[in-house]
Amino acid sequence: MSTIAELTVPAREFALRETLEATDDLDVEIERVVAYDPDHVMPYVWFADDEAAFDGLEDALADDPTVEAAERLTDLDDERLYRMHWVDDVTVILHLLTEERATVMDASVEGRQWRFRVLVPERESLSRTYDFATEQGLTIEVRKIHRLEDDRRGRYGLTDAQYETLVAALEHGYYEIPRAVDMDALSDELDVSHQALSERLRRAHLTLVEEAIEVGSGDE
């Protein structure tokens with residue numbers, strides 16, 4: 001039975017390790033969906049900052065030993081999209097994660113860790129992937145495992161953090177008119193920064209809108 005696993009890998013063992021050190025306030029997310037292709041893995045990366053403080057980003061990318069080349073494709077003031085060409089080490093690690101005909105559904109940076117959401121054809125495939133990756137010296141942690149059917153019915157493509165943030169926002173009256181709680185109070189309640197909360201809500205709203213439009217367009 002197809003299974004979705006949420007995995008984490010330390011950034012120091014994977015991509016953008018020096019860029020993340022040099023740009024603490026930036027959010028990083030892979031443009032979804034990233035399918036398994038050994039020659040073109042994770043080709044598009046979004047960098048986001050509510051303050052649009054991208055100073056030093058391109059210098060950091062140029063100096064990052066995991067990046068062979070980075071081409072800016074889109075600049076939306078508070079977001080930038082780059083086409084990435086990775087060094088072989090990054091490609092090898094992605095190959096480890098997709099060795100068993102798996103697909104990386106999305107990937108993003110949380111703190112100093114990369115978080116992957118991976119679809120595997122069966123639970124045994126995940127076990128073999130984990131064993132193979134750890135044998136190669138990769139520090140991989142399986143955070144959550146659930147069936148594909150549960151994921152489709154339950155979360156609409158939201159990450160756990162996005163889902164929990166939406167629930168907290170709803171419960172505390174953030175969506176009421178007028179609002180019963182503002183961003184500052186909600187960020188304190190969730191113990192995250194104002195910027196992290198804003199980014200998480202915005203991406204959660206985008207995911208829900210994309211899902212709604214896709215479902216709606218199919219009914220026409």
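1. A salt bridge here is a side-chain nitrogen of Lys or Arg within 4 Å of a carboxyl oxygen of Asp or Glu. Arg83 and Glu71 form one, with their closest N and O atoms 2.8 Å apart. Arg83 is in strand E5 (residues 79-86) and Glu71 in strand E4, so the pair ties together parts 12 residues apart in sequence. Helices (H or I, at least four residues) and strands (E, at least two) are DSSP runs, numbered from the N terminus.

2. The model is predicted: local features need pLDDT of at least 70 and side-chain atom pairs count only at pLDDT 80 or more, while totals for chains, interfaces and linings use all residues. Residues are numbered from 1 along each chain as its sequence is written, and side-chain values use heavy atoms, with hydrogens and water left out.

3. The structure holds 13 salt bridges. Arg72 in strand E4 (residues 67-75) pairs with Glu58 in helix H2 (residues 57-63), 14 residues apart; the closest N and O atoms of Arg72 and Glu58 are 2.7 Å apart. Asp75 and Arg80 also meet in a salt bridge, at 3.3 Å, N to O. Glu29, Glu79, Glu199, Arg202 and Arg203 are linked in a network of salt bridges.

4. Burial is given by relative accessible area: buried is under 20%, exposed over 50%, partly exposed in between (1.4 Å probe, protein chains only). Arg80 counts as buried at 13%, whereas Asp75 is partly exposed at 37%.

5. A nonpolar core is a set of buried Ala, Val, Leu, Ile, Met, Phe, Trp, Tyr and Cys residues joined through side-chain atoms within 4.5 Å. The largest has 38 residues, of which Phe14, Leu16, Met42, Phe47, Trp86, Trp114 and Phe116 touch the most other members. Helix H3 (residues 88-97) gives the most to this core, with 5 residues. Apart from it lies another core, of 10 residues, including Leu158 and Met183.

6. In helix H4, the buried residues are Ser125, Leu126, Thr129 and Ala133. Seen down the H4 axis, these fall within an arc of 100° (taken from the directions from the helix axis to the C-beta atoms), so they line one face of the helix. Gly137, with a positive phi near 90°, follows H4.

7. Leu16, at about 65°, sits in the loop between strand E1 (3-10) and helix H1 (17-22) and is buried at 0%. Asp191, at about 60°, is exposed at 71%.

8. The peptide bond joining Ile177 and Pro178 is cis, with omega about -5°. Pro178 is in the loop between helix H6 (160-171) and helix H7 (183-190).
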